[in-house]
Amino acid sequence: MIPRDIFADEHELFRDTCRKFCEAEIAPHHEQWEKDGVVPRELWRKAGAAGLLCCDIPEEMGGLGADFLFATVVMEELARVGATGPHFPLHSDMIAPYLREYGSSEQQRKWLRAMTTGEAIAAIAMTEPGAGSDLQGIKTRAKRDGDDYVINGQKTYISNGQLADVVLTACKTDPDAGWRGISLILVETDRDGFSRGRNLDKIGMKAQDTSELFYTDVRVPKSNLLGGEEGQGFIQLVSMLPQERLIQAIRSAIVCEQAIDWTVDFVKDRHAFGKPIAAFQNTQFKLAELTARTTMLRSFVDRCIELHLDKKLDEVDAAMAKMNATDLAMQVLDECLQLHGGAGYMWEYPIARAWADNRVGRIAGGTAEVMKQIIARRVLGKN
């Protein structure tokens with residue numbers, strides 16, 4: 001097999017720590033959290049104490065000052081045990097970077113250290129009932145009133161929505177300016193007028209809290225505006241999309257590998273017609289095909305990680321990684337579930353939970369169709 005050479009010894013030592021944490025603090029409890037629909041806040045504090053949160057945020061901002069490969073290790077080890085409840089990557093690797101890149105010194109001091117320790121949990125609110133991938137269609141309005149913004153609107157499908165202490169909220173500060181009228185504003189969840197709807201009942205990722213959020217005359221100071229200037233929200237969001245989509249690809253690659261491992265163990269142990277399922281040519285050919293395609297995906301995703309470390313991963317390559325990885329993940333999971341037979345349809349088997357949990361990968365962070373549009377623009381030479 002092609003070796004992975006992007007990690008140094010320090011990353012592998014950290015992987016050992018992370019793997020032990022996942023095996024001791026997450027895996028034994030995840031089934032109960034799926035029933036509860038949420039993970040306990042104490043887990044976030046334990047993860048912070050173990051150094052699993054905000055790995056690549058600089059020390060002077062309250063983070064660990066490590067590189068993105070440490071964050072990659074956390075993502076991979078969570079995926080390896082099927083831990084879809086603790087949404088550490090959203091908090092650490094999708095939201096914290098906004099504060100690192102665009103936050104004021106005050107915003108960084110207030111939130112990044114608390115996010116690193118797990119004392120504060122963050123969410124980002126973009127999607128609305130009538131606006132998903134097309135952010136220009138959002139209706140949530142932030143209107144200036146003296147030194148404050150008054151926010152009204154509704155968000156939906158918000159991960160970490162039930163637990164979040166702060167929500168980075170996409171608003172229209174100028175409703176007539178299209179994408180140029182979008183701003184990102186930090187909203188503390190204890191403010192008057194902010195409320196959470198029900199914890200949404202999803203097909204999978206049942207331990208991850210996902211919510212509707214409501215803003216009714218929520219008043220926040222103008223200092224909560226990210227970047228200090230109105231109308232920068234769309235540009236800020238676009239700048240972070242390559243990392244967000246790479247995160248989806250990283251998780252999907254590990255899911256492919258793990259699904260194959262589960263299936264290899266199953267087909268060696270389960271018998272049919274007097275011999276192991278692994279002895280049938282169909283099984284052998286199918287696993288060979290899935291392994292070959294997963295190996296190719298792994299090489300591409302690792303190369304994208306290298307480019308990202310050098311700040312050279314562009315939106316098209318990230319879109320390719322996300323589209324291919326999430327598509328292949330569902331193909332691998334479906335084929336591996338089929339090789340499990342009836343057992344594959346039982347929730348007690350990890351392949352069944354992974355099949356349900358990972359379908360959202362082709363939707364979250366931009367749908368597969370949006371990824372194709374991004375790639376097609378380059379292919380056809382369009383801006």
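Contact here means heavy atoms within 4.5 Å. By that criterion, and leaving aside neighbours within four places in sequence, E76 is in contact with R4, F7, R15, I250, I254 and R298. The structure is a predicted model, in which local features need pLDDT of at least 70 and side-chain atom pairs count only at pLDDT 80 or more, while totals for chains, interfaces and linings use all residues. Residues are numbered from 1 along each chain as its sequence is written, and side-chain values use heavy atoms, with hydrogens and water left out.

- E76 is found in helix α4; helices (H or I, at least four residues) and strands (E, at least two) are DSSP runs, numbered from the N terminus.
- At 0% relative accessibility, E76 counts as buried, where buried means under 20% relative accessible area, exposed over 50% and partly exposed in between (1.4 Å probe, protein chains only).
- F7, one of the contacts of E76, is found in the segment before α1 (9–26).
- F7 also counts as buried, at 13% relative accessibility.
- Apart from neighbours within four places in sequence, F7 is in contact with E12, R15, L69, T72, V73 and E76.
- F7 and L69 are 62 residues apart along the chain, and their C-alpha atoms are separated by 7.1 Å.

**Nonpolar cores**

- A nonpolar core is a set of buried Ala, Val, Leu, Ile, Met, Phe, Trp, Tyr and Cys residues joined through side-chain atoms within 4.5 Å.
- The largest such core has 92 residues, and those with the most contacts inside it are I26, F88, Y98, M115, I124 and V332.
- Helix α7 (residues 233–269) supplies the largest share of this core, 14 residues.
- Another core lies apart from it and has 17 residues, among them A125, F194, V220 and L225.

- H91 is found in helix α5 (residues 88–102) and is buried, with a relative accessible area of 0%.
- Neighbours within four places in sequence aside, H91 is in contact with W44, L53, C54, A96, M115, A120, I121, A122 and N160.
- M115 in turn touches L53, C54, H91, I95, A96, L99, A120 and A122, not counting residues up to four places away in sequence.
- Helix α6 (residues 105–117) has 13 residues and reaches 18 Å from its first C-alpha to its last, close to the 18 Å expected at 1.5 Å a residue; the expected span is 1.5 Å times one less than the number of residues in the helix.
- The buried residues of α6 are Q107, Q108, W111, L112, M115 and T116.
- These buried residues pack against α3 (41–49), α5, β1 (122–125), β4 (166–172) and β5 (182–188).
- Just after α6, G118 takes a positive phi of about 85 degrees.

**The cavity**

- The structure holds one cavity of 30 Å³ or more; on a 1 Å grid over the protein atoms alone, a cavity is a set of points where a 1.4 Å probe fits but cannot get out, and lining residues have an atom within 4 Å of a point.
- About 30 Å³ of space lies in the largest cavity, the volume being the space filled by probe spheres set on the grid points, which are joined across faces, edges and corners.
- Its lining consists of L52, L53, C54, C55, A71, V74, F88, P89, S92 and D93.
- The elements that give two or more residues to this lining are α4 (68–80) and α5, and α5 gives the most, with four residues.

- Most residues other than glycine have a negative phi.
- M205 has a positive phi of about 45 degrees although it is not a glycine.
- M205 is placed in the loop between β6 (194–199) and β7 (210–221) and is buried, with a relative accessible area of 14%.
- K311, also a residue other than glycine, has a positive phi near 60 degrees.
- K311 is found in the loop between α8 and α9 (315–339) and counts as exposed, at 76% relative accessibility.

**Helix α8**

- D302 is found in helix α8 (residues 281–309) and is buried, with a relative accessible area of 7%.
- With neighbours within four places in sequence left aside, D302 is in contact with R4 and I6.
- D302 and V316 are 14 residues apart in sequence and 16 Å apart in space, C-alpha to C-alpha.

How values were computed:
1 Å grid on protein atoms, 1.4 Å probe; cavity = no way out; pocket = protein on both sides within 12 Å on 5 of 7 lines; lining within 4 Å.
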